[in-house]
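I opened my notebook to look at how two chains meet, and then to follow one residue. I write down each thing as I look it up.

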2 protein chains.
Amino acid sequence: MRLTTPTLLLDKKKCLGNIERMVKKARENGIRLRPHFKTHQSAQVGAWFRDYNIDAITVSSVRMARYFANHGWKDILIAFPANVLEIDSINELASRIKLHLLVVNVETVEILAKNLRHPVQLWIKIDTGYRRTGVLANNHKDLNKLLQKVQESDKFQFAGFLVHDGHTYKQTDTYAIQTIHNTSVYLLQLLRERYSGQFPNLQLSIGDTPSCSILHDLSGIDEIRPGNFVFYDLTQQRIGSCTFDDIAVCVTCPVVAKHPRRREIIIYGGAVHFSKDALPQGDSSLVYGRVVEFTNDGWTSPVPGIELVSLSQEHGILKASPEQFAKYNIGDMIGILPVHSCLTADLMKGYMSTDGEMLEHLSGVPQRELVSL
Amino acid sequence: MRLTTPTLLLDKKKCLGNIERMVKKARENGIRLRPHFKTHQSAQVGAWFRDYNIDAITVSSVRMARYFANHGWKDILIAFPANVLEIDSINELASRIKLHLLVVNVETVEILAKNLRHPVQLWIKIDTGYRRTGVLANNHKDLNKLLQKVQESDKFQFAGFLVHDGHTYKQTDTYAIQTIHNTSVYLLQLLRERYSGQFPNLQLSIGDTPSCSILHDLSGIDEIRPGNFVFYDLTQQRIGSCTFDDIAVCVTCPVVAKHPRRREIIIYGGAVHFSKDALPQGDSSLVYGRVVEFTNDGWTSPVPGIELVSLSQEHGILKASPEQFAKYNIGDMIGILPVHSCLTADLMKGYMSTDGEMLEHLSGVPQRELVSL
């Protein structure tokens, strides 16, 4: 198949390698892997996990939960503060799968208790340092209130405490990531001690890609929920979560113009393909992607001397060394590793696997086929 | 209709007001308005322009050209360096509409000359200072070469010289924008003088929203191609292109969590809804959107004391004053003006107009309904 427009390529072998390593690590640590499917959002990529006996997954919206439920997944955690406005969709889902919801505030628990028609697994989101959302781990007053409300309703089975250490994404040092992870595990274990009398089966769930990729010892918790590891990207390579060769997605973009004097190559590939996420460089410039060369069965590591340095809506600008500049002609396709694969996949709305298969992404599924109730 | 998830609202009255002002300005200056449809990418919004006798439009991809051609537009300029890989789609379009292409390099002209099966209008992209792409206005050597190639083929009708002054987006001062515009008009007029003997009908086209919105005198050229003005956004308000009350789109987002101690409100609304474009503040912090209040027939100007300060994939964090924080409860909808309406609309994939009509966006049209040849 001849590609003519920006296309997201997916290297199935690399992707399966990434899945396999994470499955093995979870098994060695004796914990459940509940992969976050928000990175790929693809029924077909999701199905690859089934071969590794994965049967419980994480998503970040009710819409995503419906999509994967429609594709046969029966145990789904929506790892996002429950959106009570979607109660009708939540009830529909809870009637047919084992649905896990996440709460932060007492008000949410009260609204859910009043409006749920089927029981759900309820997790409390704990904040151990990321400061996006969640109850602070030492805020026992709010936790007591929440747990009391949870106990008052027969609609909830209290599942446990859940953390997302998003602040590991800002680190590039194993020791810093280890420290963040240890802190979270320690704080979660204190919570388990405090509340296990009341809830003997409560579980601890944690789940950022850097910790799960870099650290060997993931003991002390019950479940990990990494997502990005399925593809990885330049951000994860910089953090140390993966090598360049583990990055399983690559955007291929047509060359549409060349500027010899300043050695810039204009590609059809912009913010509507890559997103505006960038890697800050030492000199405070930004890089939006790195160029690879295509091989018979995939692509190389990034080549030196050429980088994606600017994006507008549909244009990208590559800055190149004389050798790299000379290599590319108008009408060539250039392969570019993305800075943030989750956002790139969401924008690209589908994949072509390196063996020629077309794979869907939820963002390319028409709204009308997955209308919310 | 009860909204339950992030939804892009479109105020039709504001939008028509924006269209009307630009139509009037073009008429007063005696020039053609060829609006850029990449901002709305909507058949329905496009149709609103017809009532103002607009019959020629600008788009930024072959796919967008096909979409609007399928919706009855017959005179379409693809204001993006021609992607020769899409020659089959280009030929199909050229067979049924008056198609305008843009070129920067001789190689592109050669490939087009060899492969076009129907004549097209050909524009040369000129760079008058933005430095994204285009032939430098004083590079007569390259221009001569390009024009010679254009003349050698019967597939081309040379249309003229085209500029996009994207560097006006970095200005917040009318004088700076006036200077950029004057420079471009002057350089384009020098080109007209130089080449009008050879091409007596050559036209001059220019088209950034800041210049077209702020300046009164747009004489000396033949055509303007602004796009963003149809909706405007916080970026254009800061530049001075519009007032807050001209901004015609607003994302409404559910409140999913509240953090009283740090007065932060978590909304369902993240980078996959807004894009990561941000407005840098005086203290070097970033703002991703400003909050408005809903009224009977639309929304207010931004209210002080509450701002969208952080985005991850699906989460947004609003920082609020005590008064603003107290106003919002779990399950409320909050209206937020976007920083960059083009990218927000592309991500949201459709609109709900303030009179309840659902309007499509090309990014929500299934790929299979608009497959490239």
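Entry one. I began with the contact between the chains of this predicted model, and I found that 62 residues from chain A and 62 residues from chain B take part in it. I then looked up the buried area, which comes to about 5300 Å² between chain A and chain B, with 54% of it on carbon and sulfur atoms. On the chain A side, A:Leu85, A:Arg132 and A:Gln313 supply 14% of the area buried against chain B, more than any other three residues.

Entry two. I turned to the polar side of the contact, where I noted four salt bridges between chain A and chain B and 24 residue pairs in polar contact. In one of the salt bridges, the side chain of A:Arg262 meets that of B:Asp127, at 3.8 Å from N to O.

I asked which elements of chain A supply at least two residues each to the side that touches chain B, and the list includes strand S4 (75-81), helix H5 (106-115) and strand S11 (249-259). The largest share, five residues, comes from S11(A). Sorting the residues of this side by kind, I wrote down 24 nonpolar, 19 polar and 19 charged.

I finished with A:Ser363, which I located in the segment after strand S22 (358-360) of chain A. Is A:Ser363 buried or exposed? I recorded it as buried, because its relative accessible area is 7% and the cut-off for buried is under 20%. The side chain of A:Ser363 reaches the backbone oxygen of A:Asp346 at 2.6 Å, and among the residues that A:Ser363 touches are A:Lys349 and, from the other chain, B:Lys349.

Key
Residues numbered from 1 in each chain as written. Chains lettered and ligands numbered in written order. Predicted model: local features only at pLDDT ≥ 70, side-chain atom pairs only at ≥ 80, totals over all residues. Heavy atoms only, no water. Contact = heavy atoms within 4.5 Å. Buried area = accessible area lost by both parts, 1.4 Å probe. Polar contact = N/O pair within 3.5 Å; in protein donor to acceptor, adjacent residues only side chain to side chain. Helix = DSSP H or I, 4+ residues; strand = E, 2+ residues; numbered from the N terminus. Nonpolar A, V, L, I, M, F, W, Y, C, P; charged D, E, K, R; others polar. Buried < 20%, exposed > 50% of the residue type's maximum accessible area, 1.4 Å probe, protein only. Lists of a residue's contacts leave out its neighbours within four places in sequence.
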